[in-house]
Amino acid sequence: MKIPFLDLKLTSEPLRDEITEAIARVMDSGIYILGEEVELFEREWADYCGAKAAVGLANGLDALTLALRALDVGSGDEVLVPSNTYIATWLAVSAVGARPVAVEPDCRTYNMDPGRIGEKITSRTKAILPVHLYGQPADLDPILSLASEKCLKVIEDAAQAHGANYKGRRIGAQGDVVCWSFYPGKNLGAVGDAGAITTNNDAVAERIKTLRNYGSRVKYVHEVKGANSRLDPLQAAVLRVKLRHLDRWTEHRRGIARRYDAGLASTDLQLPLTPGWVESAWHLYVVRSDKRDLLQHRLAELGVGTLIHYPIPPHMQIAYAEYGSVPEELPIARQMAAEVLSLPMGPFLDREMQQAVIDAVNTVDREFRQSSL
Ligand SMILES: *Cc1c(COP(=O)(O)O)cnc(C)c1O
């Protein structure tokens with residue numbers, strides 16, 4: 001049996017009629033920019049997150065960038081970001097003219113280590129930008145209390161954490177602004193690019209609404225040098241359909257994670273650690289192995305698709321050449337990049353496929369042990 005890493009078509013297939021109907025509704029409305037469909041999704045997404053307001057945007061990178069702008073983070077400021085994240089987190093900080101300052105992760109949870117944040121705070125630090133990587137909430141309480149002590153803003157990158165819980169609270173209403181991506185492969189994904197922010201601060205929501213629409217609230221009156229980053233009503237309509245299935249999908253992901261945990265427990269792989277106070281959204285199930293490349297290669301031969309999130313940390317990218325020159329810089333991020341492997345995960349993955357993944361990983365693990373005897 002061949003098991004793809006991810007199959008979006010299989011996930012959407014059962015919703016085909018509902019989605020087609022939603023798209024037709026937008027086509028028939030004659031309203032193709034903002035409008036009711038976007039407003040309804042914003043209301044539903046804010047309610048889902050337990051936040052006062054949501055603002056629909058064009059994508060997750062814009063959500064981060066506009067959140068930073070709305071909180072007046074800009075030139076000369078420093079923003080603390082994880083050393084191991086998708087590069088969008090860093091790019092948003094750079095886009096507003098601020099400097100990303102990397103904080104190393106806790107290598108068992110993969111998330112920003114709160115114990116390492118304090119040492120990175122300077123007089124220029126303006127905000128902390130934790131990422132809920134792979135769907136698992138970062139340890140927010142120490143981050144929020146440090147931020148309030150030092151008068152810093154907290155912007156959360158929740159692009160992978162739709163429906164995740166931190167200490168019993170849904171992610172989406174804890175930091176100053178929480179940023180979402182609905183890129184098709186995310187836990188709640190559109191059929192193209194889409195994003196949003198959620199916040200409990202109405203004034204900040206209003207600023208982001210203005211920024212996304214050319215800096216304008218009243219047509220042809222421009223208060224700030226804004227962007228065009230509006231959520232497409234077609235995407236909003238699709239997201240409204242999919243939102244009704246998100247909790248079921250998240251439960252399915254949690255079941256897969258439990259079965260991987262049990263089925264891989266006796267292997268030499270490092271399995272993801274979920275502290276008791278989080279409920280991960282399981283965007284990804286990421287294992288670690290010091291023979292990662294060989295593991296990925298053998299799994300591919302056995303028909304199991306895997307991916308690496310992420311093979312090159314931001315500070316070692318050519319785009320950030322100014323950070324990467326020192327080999328001993330950010331060793332944990334480097335080690336993660338060399339060892340992590342994401343197993344197939346998603347609502348499309350049935351029991352039989354899950355068992356096939358577990359069997360294949362155990363087969364390769366046995367091969368590794370035999371060859372090291
Ligand atoms: C996907 C992702 C983003 C960017 O979202 P886009 O919608 O693709 O712009 C940002 N941060 C993280 C952690 C992501 O996974």
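Y310 lies in the loop between α9 (292–301) and α10 (331–339); helices (H or I, at least four residues) and strands (E, at least two) are DSSP runs, numbered from the N terminus. A cis peptide bond joins H309 to Y310, with omega about 10°. This is a predicted model: local features need pLDDT of at least 70, side-chain atom pairs count only at pLDDT 80 or more, and totals for chains, interfaces and linings use all residues. Residues are numbered from 1 along each chain as its sequence is written, and side-chain values use heavy atoms, leaving out hydrogens and water.

**Backbone**
- W282 sits in the loop between β12 and β13 (285–288).
- Phi of W282 is near 50°, positive in a residue other than glycine.
- Most residues other than glycine have a negative phi, and most peptide bonds are trans.

**Ligand site**
- Around the ligand are N59, G60, L61, Y86, A88, V131, D157, A159, Q160, S181, Y183 and K186, where near means a heavy atom within 4 Å.
- This shell divides into six nonpolar, four polar and two charged residues.
- A backbone N or O atom of L61 lies 2.9 Å from a ligand oxygen.
- A polar side-chain atom of D157 is 2.7 Å from a ligand nitrogen.
- A side-chain N or O atom of Q160 lies 2.8 Å from an oxygen of the ligand.
- The protein buries 91% of the 380 Å² that the ligand exposes when taken alone (Shrake-Rupley method, 1.4 Å probe).

**Salt bridges**
- The whole structure holds 24 salt bridges (a side-chain nitrogen of Lys or Arg within 4 Å of a carboxyl oxygen of Asp or Glu).
- R369 and D268 form one of them, at 3.6 Å from N to O.
- That pair links distant parts of the chain, 101 residues apart: R369 is in helix α11 (residues 351–371), D268 in the loop between α8 (233–263) and β12 (278–279).
- Side chains of opposite charge can pair when their charged atoms come close.

Notes
Polar contact = N/O pair within 3.5 Å; in protein donor to acceptor, adjacent residues only side chain to side chain. Nonpolar A, V, L, I, M, F, W, Y, C, P; charged D, E, K, R; others polar.
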